[in-house]
Amino acid sequence: QAILAEAVLGSAACAWRPLCGHVLPAMPGFEHAVRREIRVWDSSIGDEAFTSGIPDIRELEHVQVTHRTQKYRKTLAKTMRQHMRSRAEAASAFRLPGMRRVGSMASTNFDETSSASDSDSTGSGSERASASASENDSTVSDTSFEGSAITFKRGDRSIIGCLRRRLPLLEWVPSLTVSTLKSDVLAGLTVCVMVIPQSMSYAKIAGLPYVVGMYSAVMPAFTYAVFGRSKQLMVGPVAMTSLIMRAGLEGVLSEKQCPAFYGQDPAVGQIKYQNELCPDMYIQLGFTVAALVGIVLILASVFQLGFLVSFLGHPVISGFSTGAAIIIGLSQLKYLLGYTLPSTEHVHELLFAVVKDLPQTKPAPLLLGLMWLAGLIALRRLGQWNRRFRFLAPLGPLLGCIAGTALVTAFPDLRDKYAVGTVGDVPAGVFPFSGHKILWTWDMFHKTKVTAASAALIGFMESIAIAKNLAGQHKYEISAGQELMAIGASNFVGSLFSSYAVTGSFSRSAVANATGAQSQFAGVVVAMGMLVVLQCLTPLFHNLPMFALAAVVMSSVLSLIAYDVAIELWKVRKWDFALWMASFIGTLFIGPLEGIGIAVAMSLGVVIYESVRPQVLVLWRVPGTKIYRSIDQETVGHFVPNVLIVRLTAALYFANMSYVKDKLEKYIVDMSRADIVKYVVLEMTSVLTVDCTAAHAIRDIVSELRSGGIQTLFAMVGSRAMRTFENSGLVSFIGEDMFCHTVDDAVRKCMMITEQRGIEARRSSSSSEEEPTTGPAKRVRQNVTFVTQPEVGISNDMHRQFTQVHLVVPYVVADLVNMIMAAFASLGVNTEGAQVDHTCHTYQIVKEERKLNAKEIEELQNKLDIMLRRVFSTGNGNEAGSSRQGSPHRTLNGNGADRTTLEQALAEERAKIIAGELAKERAKALEAALAELRV
């Protein structure tokens, strides 16, 4: 059925013969049923169309137009569904991409995938088809093509198959080898050494005890190994989610839950925070947020809401990360300066407190902290500078902590006399169960929902970005839906075992990748190593100095300060720079959660603005081709007389139709100043959907244009938009013949209508002299033949590297290619590529490995024009016609040209002046030539 769908779409004409040999024998009578249905639709199709099976739509003259193609497609789909109802077993045997399960049978959704055939060569249809296939990759079977043979493999829809897709553990565990185990153990131990000081530091940022950070590096890592597909992603505490939790949870506990906080007197002394006065309740609050983060991500995976992260673009995330990194770094200053600072997320309050109490600075922790920070940065730079010292970068934090602990142990006076703070006692043992500590109350959910949603959104964006980058390096696939489930499960399960909110860590994942991690077992090694540390090594952390942990945090967040991104955005697009600054300033001075909210609101504003004000582009024809491009893209082109071609670039719905209508009316008025507009062609390749409001608005536009004597044609309408047009009655109102497959077909349709109107006008004028006839008048269709004049077009805009030359000639001439190549050679032009299709020629040329300049283009244009006039001249005014359709760089005069010719040329040039692409001197020359004829 998938092969049939591809063939109906016209994407694989060769698929019909394999179809007849492989699919039809399994479905007896299907070909006969299709043949019967097609004949009902169009009785003119005879038996000769079925000589090699079901015919390809491109081989039938009756189904070349878009709306007929859709009818043909729907006929096949309807027949297949009816035929397959009686053969349900064949449906399960041939389930392939693009098919959906309906009851006990599979039906192919032809219309959803038909946009690939209805769109132009822009590739949007194929991208949509591939995206649709990728979304359903977990439920499709495989198809392999070997020569002309087609092999079908039935998809594994058993319980084991579903478990393997949902639990990657069942895939990577059987694939483990001795070599893989060695690499994963080495990478896991390296990351474990790195995660010990980081987890303790990040827990302190969140306002939680050090040991909770260490707990958070154990159970989430085990859980991700079960559900996650990334082989190098290391899940655990990170700075961003820690900061979001600290910013969102302060002050959430009620007076009943934390009476000491509400009983403080500001006049007595400095206000303490809830995590200091009520640590047990604050820890329960952290577990509650972790559980909510897990629930949010799991629900997002179930309902496939991963697309929501697209609303946080790169400028927003970069600005937030930079602001958050500065806040995190400044929050560690209290461990270097030696005096207490307020735990605030507002950078101006923090800086004010630093400056106010600066005389209280303790020199010992400040000097030691700066030395440790410089040492960590130096180790990182050394590892980047020389690959032999690359191992020092991940070992740097642990080496710093070991050195600091040894220093304080050897010189206890640093702690007792010189204000060097230490970690103190850390509880030993395995993490306790904490499910009973989660605050499962509606009031607590309501208070923490914003914090949980923000941590889930930012955490998942960071995690999926890292996972996709690593998957791309190692050539395996990552599913965003499965990653939502994996990170969500890691948070929810972790919350039951004393963990706060976690996500994928950029620094630890990079280290795991650099040290050779090959499977999820590396994360299991990290968790097992942390279990050993918690069980046996926690007494060693008693003398761990705070300045060492502060230096670890500061060195880690330095890489998040992306000022270079702001500079790049300023150069590329000012609006993206404004988004970066809004996110950055909002995070610094208003707060992390508020900064995210402002940035998201601005991002949504940009989306809405771009949606309600889509691009409406005027197209003209590239000389010598059937290609129609925007006047902003192509500097040299021709407007078609009496035809305005407009491209709509977005889905049409209630919010943007007013803007589209206004732009269309403006273009018609502007074009009417240079030429009478009799036809408007709407090119709708990019219009994926049309809602009811837009359909009614299009009906009104067509009616208004008709009342003004202007016909409206549609080109390249997609299948979904076409269905809306058909269901709303718009196709019958406009006329089926007004929907064309390409813009060139629509233009030729306009020319045909003009020619037939002229024939009918001449016939009606001569009918008065003829004998009147009785009976109803019969309308005789006239076959209009369009004679192509020789035309040359030269463009520097269609290719980045070459100048492209396009030629259209009325008929094939022997040795024409040799004459063209000789013309190129006479000017020192090299031909890099050529395509000759009967009367259409395309050449890619360069001169001295560069594009031609304006003077060289004009010289080549004149040479080719003279050659073509000499070859195709018949002495009946073709020279004037050729001159009229040539390049605007040549000089015109009135010799040998009649008045009609000059008037048409003048109308074209005036239209080009409106587009701002043509010098006015050419139009003046035409006016002077026309004035001479009038005299």
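The model is predicted, so keep some ground rules in mind: local features need pLDDT of at least 70, side-chain atom pairs count only at pLDDT 80 or more, and totals for chains, interfaces and linings use all residues. Residues are numbered from 1 along each chain as its sequence is written, and side-chain values use heavy atoms, with hydrogens and water left out.

**The chain overall**

- The secondary structure comes to 41 helices and 16 strands; helices (H or I, at least four residues) and strands (E, at least two) are DSSP runs, numbered from the N terminus.
- Of the 935 residues, 49% count as buried. Here buried means under 20% relative accessible area, exposed means over 50%, and partly exposed is in between (1.4 Å probe, protein chains only).
- The chain exposes about 44,300 Å², and carbon and sulfur atoms supply 58% of that. Accessible areas come from the Shrake-Rupley method with a 1.4 Å probe; for residues, only the protein chains shown count as cover.
- Take the contacts between residues at least 6 apart in sequence: 74% of them join residues at least 24 apart. A contact means heavy atoms within 4.5 Å.

**The disulfide and other cysteines**

- How many disulfides does the count come to? It comes to one, taking a disulfide as a pair of cysteine sulfur atoms within 2.5 Å.
- The partners are C258 and C278, with an S to S distance of 2.0 Å.
- C258 sits in the loop between α14 (239-249) and α15 (259-262), and C278 in the loop between α16 (274-277) and α17 (279-302), so the bond ties together parts that are 20 residues apart in sequence.
- The torsion about the S-S bond is about 85°, so this disulfide is right-handed.
- Both C258 and C278 are buried.
- As for two other cysteines, C192 is buried at 6% relative accessibility, whereas C536 is exposed at 52%.

**Salt bridges**

- The count comes to 15 salt bridges, each being a side-chain nitrogen of Lys or Arg within 4 Å of a carboxyl oxygen of Asp or Glu.
- One of them pairs E171 with R229, whose closest N and O atoms are 3.2 Å apart. This pair links distant parts of the chain, 58 residues apart: E171 is in helix α10 (residues 169-172), and R229 is in the loop between α13 (219-227) and β5 (235-236).
- E171 is partly exposed, at 32% relative accessibility.
- K749 and D737 also meet through their side chains, at 3.7 Å from N to O. K749 is in helix α36 (residues 743-767) and D737 is in the loop between α35 (730-734) and β12 (739-740), so the pair ties together parts that are twelve residues apart in sequence.
- Within it, R573 and D576 form a salt bridge at 3.2 Å, N to O, and R573 is partly exposed, with a relative accessible area of 34%.
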